Amino acid sequence: MNNEAFNNRDVSDSYFLVDIEDYPTEPWDKFKRVIKRTFRIELFVGLWVVIREMFKFDIHTISYPEEKMPIGPRYRAIHEMKRLWESDTERCIGCGLCEKICISNCIKIDTRIDENSRKEVSEYSINLGRCIFCGYCAEVCPELAITHGGRYENASDQREHFLMYEDMLTPLDKMTAGTQVEFEGFGAITPHEDERVKKTPLAY
Amino acid sequence: MEVAYLIETVIKVVVVLLVFSALAGIGTYFERKVLAFMQRRLGPMNVGPYGMLQFGADAIKLFTKEDIIPSNVVAPIFKIAPVITAATAFIAAAAIPFLPEFTIFGYTVHPIVSDINIGILYILGVMGVGLYGPLLGGMASANKFSLLSAARGAAVFISYEVVTGLSILAPIMMVGSLSLIDFNDYQLENGWMIFNMYGVGFVAFILFWIAGFAETGRTPFHLIANDHEIIDGFGTEYSGMRWGLFFIGEYANMFFISFVIPLLFLGGYGDGSFLGAMALLGKMSFFFFFFLWTRAAWPDVRPDQLMWLCWKVLMPIAVLNILIAAIVMI
């Protein structure tokens, strides 16, 4: 979809002042205005415009549940938890930054030491009733693990609606098929990052 | 009175009642579709193919909805008001010839309930009585928006009765009869009314058409039930089928006015052949469509502008028109 028409906020070249005549005060001028308005065929212009649109049949309705508008890749809807492309393991390292930065305190994370003495996420939940979808968690995540997805139909019959870790995690069959979609919004790697990255001087 | 005549009349009354009640419903479907297409929308799409059963769904909703009588209203008047609107619309239809006469199984049918010799006067009079629906309903509702709408309704109806009456005086003078069938026969001999008498008929046609919009309360003159200023006007406190009766009355009135205009000015059903009957239905459809068309295209006028238009513009033109008609006829 082309967003250029929406993103161009510079309207200086298309702005103009509407030419409004002074209101007539003399009865004769008022009468002249009435005659002018009566016989200028403005009413029929209106009729022509709507009938033209009717026959053009250029319908802009999207019948919503069947059809949906494409949404931008940066759209911030229900969270997703991504996996590593190389090993299909979870990206999340349990650092807890998302819990720390969350301004509406909706993320709760708990970790433990697993059998390989590595830190592992044991509990992770997002309270969608509190979440304001600000995107800070996705921005702060050092591993690009927690991101936003495109699922926006989150009506619920209760105010608290918890999103658990397993539900957010990309399913393994999706990883095998190679269809995990990277988030392009806040906190994501910008394109061509590989060419721009430089070595730390101290490494020499 | 012979039995055959009685049976025929009863059947005709029932047919008119059923056909136009159904048409009023189907008319809402067409209105929604036409408005939608003109505004680049789809309109009702989900109930039945292309939403064609939407009218049935609406009817079921209206019939089964709770009939609420609010606590402070004047209950008897509140209850009877919608009936007046719907009833007067259908009573007025008694003098309208919907089709030319035809023969079925050797029996000649006149598709007019009663060809009375004061037909057009009767139609306009009974349609004028329709004023009491919005007026009484609005005044009995104990709601200030309804009261405003009742006041506006009274002002609009009374003013535009004047224009309607005066505008058709010139055609009546030409025809010399008040029966719509005589109007039709006159136009069969002398050509359509709008082309008669050096434009007198045309001016009368335009005036009657404009007044028709006010009589039915359609868009340029929709201020009786103006949704964006006074909610639904006289209909604000109504629910269920009582509101539905107001609705049926409004749409039936639109259909009847759409029949009367071609009968008066555009040659009616002509020579009475099948083609003539189809032509009448075609003209009727155009005028009904025009009601919907203007609703999509035109803004509403203010009440004071409406009064200004009636008393300072249309009425003088109507009087002048009669004067010119009289001079030409002499």
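Is the crossing of α1(B) and α2(B) left-handed or right-handed?

1. Handedness. The crossing of α1(B) and α2(B) is right-handed. Note that this is a predicted model.

2. Geometry of the helix pair in chain B. Helix α1 of chain B covers residues 3-38, and helix α2 of chain B covers residues 54-64. They pack at an angle of about 120°. Their axes lie 9 Å apart.

3. Residues at the helix contact. From α1(B) come Gly25(B), Ile26(B), Thr28(B) and Tyr29(B). They meet Gln54(B), Phe55(B) and Ala59(B) of α2(B).

4. Secondary structure of chain A. This chain has 8 helices and 5 strands. Along the sequence the pattern reads α-α-α-β-α-β-β-α-β-β-α-α-α. Chain A has a radius of gyration of 28 Å, whereas the globule rule gives 17 Å for 204 residues, so the chain is more spread out than a compact globule.

5. Extent and domains of chain A. The C-alpha trace spans about 95 × 55 × 35 Å along its principal axes. The domain assignment places domain 1 of chain A at 23-60 and domain 2 of chain A at 79-189. The C-alpha centres of these two domains lie 58 Å apart.

6. Burial and contacts in chain A. Buried residues make up 13% of the 204 residues. Among contacts in chain A with a separation of 6 or more, 72% join residues 24 or more positions apart.

Technical notes:
Residues are numbered from 1 along each chain as its sequence is written. Chains are lettered from A and ligands numbered from 1 in the order in which they are written. This is a predicted model: local features need pLDDT of at least 70, side-chain atom pairs count only at pLDDT 80 or more; totals for chains, interfaces and linings use all residues. Domain bounds come from an automatic or database domain assignment. Helices (H or I, at least four residues) and strands (E, at least two) are DSSP runs, numbered from the N terminus. The radius of gyration is taken over C-alpha atoms; the globule rule is 2.2 Å times the number of residues to the power 0.38. A residue is buried if 20 or more other C-beta atoms lie within 10 Å of its own, exposed if 12 or fewer, and partly exposed in between; C-beta atoms are placed from the backbone. Two residues are in contact if their C-beta atoms, placed from the backbone, lie within 7 Å. Axes are lines fitted to C-alpha atoms, for helices over the stretch in contact, and angles run from 0 to 180 degrees between N-to-C directions. A crossing is left-handed if the near helix is turned anticlockwise from the far one by less than a right angle, and right-handed if clockwise.
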